[in-house]
Amino acid sequence: MVTSGTIGGESNFDAEVDACKLRIALREAIEKDVGVENTLAQLLVTRTNTQRQEIESKYRELFNIGLCENVEEVVQKGNFLDSVKALLLRPRAYDADCLRDAIMDGNDSTICEILSTRTCTELKEIQDIYETEHETTIASDLDDFFESTAPQKDFYLKILDSPRNSTTDVDSEITASALESLIKAEKDLWDIEKCPELLTILASHNFTQLRTILKDFQRRKNGNMEMLESSVKKHCSDEVLSMCIVMWVKGIRNVTQLFSELLYLSVTSLAADSARVIRIVVGRSEIDLTQIKSHYMMQYNKQLQLAVQQKCGNDLAYSNIVAMIIKN
């Protein structure tokens with residue numbers, strides 16, 4: 001499937017001109033006590049991440065301070081600042097930072113989201129940056145901050161090494177064996193102690209192989225059409241593990257639809273999950289945000305940007321910058 005983002009960049013790009021515009025705006029914000037949010041938003045959301053990296057480099061060269069550092073001195077802490085920082089960081093560096101925070105906080109939903117939705121190449125880059133920046137590995141931190149008996153930790157470690165889309169080979173014998181094991185696991189109510197091979201089956205095959213297995217599982221028992229993730233949600237007693245398996249499987253089926261669902265949950269919960277909104281909207285803005293918007297409209301009969309603005313409208317600068325990225 002061909003995918004596209006909402007940010008295409010500035011055709012007449014000049015990093016020095018942009019750096020100077022931002023410097024003037026940031027200085028005026030301090031000296032004249034005027035807002036800088038509109039200038040930051042309008043410039044940054046019309047530049048690709050590569051262009052923003054050039055602006056950051058030129059800004060440091062010209063003014064002897066990093067753009068991100070300067071912005072942090074001027075803009076109040078909050079969702080708008082978090083959005084700007086997300087735009088200014090390299091995508092995988094941003095992922096590594098988010099993942100580190102999630103592991104420290106024991107935020108399983110964020111850990112699973114990041115590990116489940118990145119390609120092999122992206123995940124390798126995240127691991128390299130993580131190790132460089134934090135002088136430890138993702139696997140080591142998972143070991144340190146999660147109990148040894150936590151089944152989701154074992155799942156995270158397995159999906160770190162998943163082949164994902166690196167190959168597209170399908171082996172009919174693997175499909176048959178995996179199907180038999182999954183049917184047994186369902187009978188045992190997805191109990192990991194009774195079915196220790198379950199996580200290995202779900203994490204150790206390429207996505208094409210897994211889609212074949214999932215399709216055959218859906219046709220089990222003379223046409224029982226219940227999907228695996230639906231059965232897991234219904235019968236698995238471990239809520240965290242259930243959430244992880246469901247998110248992983250949905251990502252295998254259709255990652256853009258998964259992001260659409262996660263955004264819906266983020267803007268319809270009692271308190272908006274702004275961190276997730278920023279992570280998805282910024283992170284997918286040059287990949288497949290156009291398709292995520294379309295899925296959102298088809299699934300929920302509402303424009304994504306309107307949903308964000310209605311939920312987060314009290315935080316005007318933040319809701320505006322996110323809506324600009326979505327609409328761009």
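In this predicted model, Arg-27 counts as partly exposed, at a relative accessibility of 41%. The residue has its place in helix α1, and although Arg-27 and Val-74 are 47 residues apart along the chain, their C-alpha atoms are separated by 8.7 Å.

Two loop residues stand out by their backbone geometry. Most residues other than glycine have a negative phi. Asp-33, however, has a phi near 55°, which is a positive value in a residue other than glycine. This residue, Asp-33, is found in the loop between α1 (15-31) and α2 (37-44), and, with a relative accessible area of 70%, Asp-33 is exposed. A positive phi is also found for Asn-64, where the value is near 60° and the residue is again not a glycine. Asn-64 belongs to the loop that lies between α3 (49-63) and α4 (67-74), and its relative accessible area of 72% places Asn-64 in the exposed class.

Helix α5, which comprises residues 79-88, is by contrast mostly covered, since seven of its 10 residues are buried. The buried residues of α5 are Phe-80, Leu-81, Ser-83, Val-84, Ala-86, Leu-87 and Leu-88. What covers these buried residues includes the helices α2, α3, α4 and α6, together with α18 (274-283) and α21 (316-327).

Two helix pairs were then examined. Two packed helices are described by the angle between their axes and the distance between the axes. For helix α6 (residues 91-105) and helix α9 (residues 138-145), the axes come within 9 Å and cross at roughly 15°. Because angles under 35 degrees count as roughly parallel, α6 is roughly parallel to α9. The crossing in which α6 passes α9 is right-handed. On the side of α6, the residues that take part are Leu-99, Arg-100, Ile-103 and Met-104, and these meet Ile-138, Asp-141, Leu-142 and Phe-145 in α9. The residues of this contact divide into six nonpolar and two charged, with no polar residue among them.

In the second pair, helix α17 (residues 255-268) packs against helix α19 (residues 289-300) at an angle of about 65°, and the axes are 8 Å apart. Here, too, the crossing of α17 past α19 is right-handed. From α17, the contact involves Thr-256, Gln-257, Phe-259, Ser-260, Glu-261, Leu-263, Tyr-264 and Val-267, which meet Gln-291, Ile-292, His-295, Tyr-296, Gln-299 and Tyr-300 in α19. When the residues of the contact of α17 with α19 are divided by type, seven are nonpolar, six are polar and one is charged.

In soluble globular proteins, nonpolar side chains tend to be buried together. The largest nonpolar core of this model holds 98 residues, of which Phe-155, Trp-190, Leu-198, Leu-228 and Ile-245 touch the most other members. The helix that gives the most to this core is α16 (residues 239-253), which provides eight residues. When its neighbours within four places in sequence are left aside, Leu-228 is in contact with Leu-182, Trp-190, Leu-214, Phe-217, Ile-245, Val-249 and Arg-253.

Methods
Residues are numbered from 1 along each chain as its sequence is written. This is a predicted model: local features need pLDDT of at least 70, side-chain atom pairs count only at pLDDT 80 or more; totals for chains, interfaces and linings use all residues. Side-chain values use heavy atoms; hydrogens and water are left out. Axes are lines fitted to C-alpha atoms, for helices over the stretch in contact, and angles run from 0 to 180 degrees between N-to-C directions. Helices (H or I, at least four residues) and strands (E, at least two) are DSSP runs, numbered from the N terminus. Angles under 35 degrees count as roughly parallel, over 145 as roughly antiparallel, 65 to 115 as roughly perpendicular and the rest as oblique. A crossing is left-handed if the near helix is turned anticlockwise from the far one by less than a right angle, and right-handed if clockwise. Contact means heavy atoms within 4.5 Å. Ala, Val, Leu, Ile, Met, Phe, Trp, Tyr, Cys and Pro count as nonpolar, Asp, Glu, Lys and Arg as charged, and the others, Gly among them, as polar. A nonpolar core is a set of buried Ala, Val, Leu, Ile, Met, Phe, Trp, Tyr and Cys residues joined through side-chain atoms within 4.5 Å. Buried means under 20% relative accessible area, exposed over 50%, partly exposed in between (1.4 Å probe, protein chains only).
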